[in-house]
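Q: Please take a close look at one part of this model for me. I would like to follow the strands that pair with each other and what surrounds them.

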Amino acid sequence: MSASILWFRRDLRLRDHPALLAAAADGPVLPLFVLDPALWGTSGDVRRAFLLRTLRALDADLRRFGPGLVVRSGRPESVVPALVAEVAAQAVHVSADFGPYGAARDARVEEALGDVPLVRTGSPYAVAPGRVLTNDGRPYQVFTPFHRAWVDHGWRAPAESDPASVDWVGAPSEDLPAEPDVSGVDLPEAGEAAALARWTAWRGTPYDDVRDRPDLDATSRLSPDLRWGTIHPRTVLADLDARNPHAATFRKELAWREFYAHVLHHWPSSAREYFRPELRGLPYVTGAELEHRLDAWTQGRTGYPIVDAGMRQLLAEGWMHNRVRMIVASFLVKDLHVEWQHGARHFMRHLVDGDLASNQHNWQWVAGCGTDAAPYFRIFNPTTQGKKFDPDGGYVRRWVPELTDPSVGTYPEPIVDHAEQRAATLEAYQLLRRHG
Ligand code: FAD
């Protein structure tokens, strides 16, 4: 019996894997990962290192049951059909990809495969984008009604994929690239077993009490796992205890992730363009001033401790706490007058959980031009935010040691005056509203 190829992308696990179940039902399965230069080339070192570790963990898991992961590099529309021809595969199985790049890539691969089917089963979401619609069949543009409809729609129980009962087959494989030097970077352990362990250790946490406190660092830290699919959201949702008073809040956070995937699916241009174009005309800095401000912001040297702490955490861990992501994003757009796309690009390059849908739409939310636009006049004050959410200063001290220990270095003066910039932003906004 000829094999089916299971092409892994954002689903780097073996449990709760609907596409694996579908592939195994057809007979022997050949596990494939394609290193696509279009995606690899836009990732920073930390992101690359985390992906490589995740792939190594997947390979080690597969080797417990068979010959291991087959790695090929190149454009998927060439590489996948070539492997199909090499092993005379009968089908290629995937989890559906709903991002603009992934969907277009899959259409090209499907065409190149000719008579060999590309079978899409499952997705990285509890409810696949496109399923939750208003009563008259239109996509929701606002989170709250989407969330209600998403809960009403519901989701399936986790898929019972069992890697031990699969007839795995191999093929010649390329070596994975060498890991970039990320010494000094504190990456979470990668792979499915680590993701499940993270979830199990965290799931009893009183989420509502701690979720806004970067100093406590007590959120689930599941975002890289959800991004690369080492855990499926349905595994988590099935495991949330409805009697836990914090379960509803956590489920709602997972729903934001699903909502933004839904928005990107229906409005793919929102990855780059303003969702609400009215704010496109605000004045933003350009040229040398743009470079100077971006430099200070990305290096964590703005002179605003909570902003600098967050930006340094991003470089050091490839991750940042949600509250701080909001503060640093607001500061870039509304205090430094840098257009949101610059910040979003820096985040995508460095975040291990960098996800086009969640990242671009959260940036648009902060900038005031997204779906559930935070009113433009709501401007985060970096000083009061720091006092409120890092009350003892533990978070700031960890990342900006020179504040309390001058022997470590000199801390810069504030790059701008928040009160002045806030006034300038509000004035520009009023002008835009009056004159368009
Ligand atoms: P928890 O608080 O434990 O939440 C659990 C899960 O819910 C998260 O893992 C995530 O999948 C989801 N979630 C929580 N908040 C959000 C949200 N606001 N939007 C979408 N999903 C959410 N999240 C990403 O996964 N990738 C990104 O690229 C990303 N970029 C962001 C950029 C900005 C400017 C902002 C303000 C937020 C961004 N977020 C992004 C959302 C959020 O900050 C992270 O999901 C969260 O900090 C991850 O940590 P956690 O897993 O401990 O979260």
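A: Phenylalanine 8 stands opposite phenylalanine 33 in β2. Residues are numbered from 1 along each chain, as its sequence is written. This is a predicted model: local features need pLDDT of at least 70, side-chain atom pairs count only at pLDDT 80 or more, and totals for chains, interfaces and linings use all residues.

Start with the pair of strands. Strand β1 covers residues 4-8 and pairs with β2 in the parallel sense, over five bridges. Helices (H or I, at least four residues) and strands (E, at least two) are DSSP runs, numbered from the N terminus. Two strands pair if DSSP finds at least two bridges between them. Serine 4 has valine 29 of β2 as its bridge partner.

How does the chain get from β1 to β2, and what is the hand of the crossover? The path runs through helix α1 (residues 18-25), and this β-α-β crossover is right-handed.

Valine 34 stands opposite arginine 72 in β3.

Next comes burial. A residue is buried if 20 or more other C-beta atoms lie within 10 Å of its own, exposed if 12 or fewer, and partly exposed in between; C-beta atoms are placed from the backbone. In β1, five of its five residues are buried. In a regular strand the side chains alternate between the two faces of the sheet. Both faces of β1 are covered: Ser4, Leu6 and Phe8 lie on one side, Ile5 and Trp7 on the other. Strand β2 (residues 29-35) has six of its seven residues buried, so it is largely enclosed by the rest of the structure.

A nonpolar core is a set of buried Ala, Val, Leu, Ile, Met, Phe, Trp, Tyr and Cys residues joined through C-beta atoms within 7 Å. The largest one has 103 residues. Ile5, Leu6, Trp7 and Leu32 have the most contacts inside it. Two residues are in contact if their C-beta atoms, placed from the backbone, lie within 7 Å. Leaving out residues up to four places away in sequence, isoleucine 5 touches Leu30, Leu32, Leu83, Val84, Ala89, Val92 and His93.

For a contrast, go to helix α11, where alanine 247 is found. Alanine 247 is partly exposed, because 16 other C-beta atoms lie within 10 Å. Apart from neighbours within four places in sequence, alanine 247 is in contact with Leu240, Asp241 and Ala242. Its C-alpha atom is separated by 8.9 Å from that of proline 206, which is 41 residues apart from alanine 247 along the chain.

Definitions and conventions: Right-handed = clockwise from strand over helix to strand, strands pointing away.
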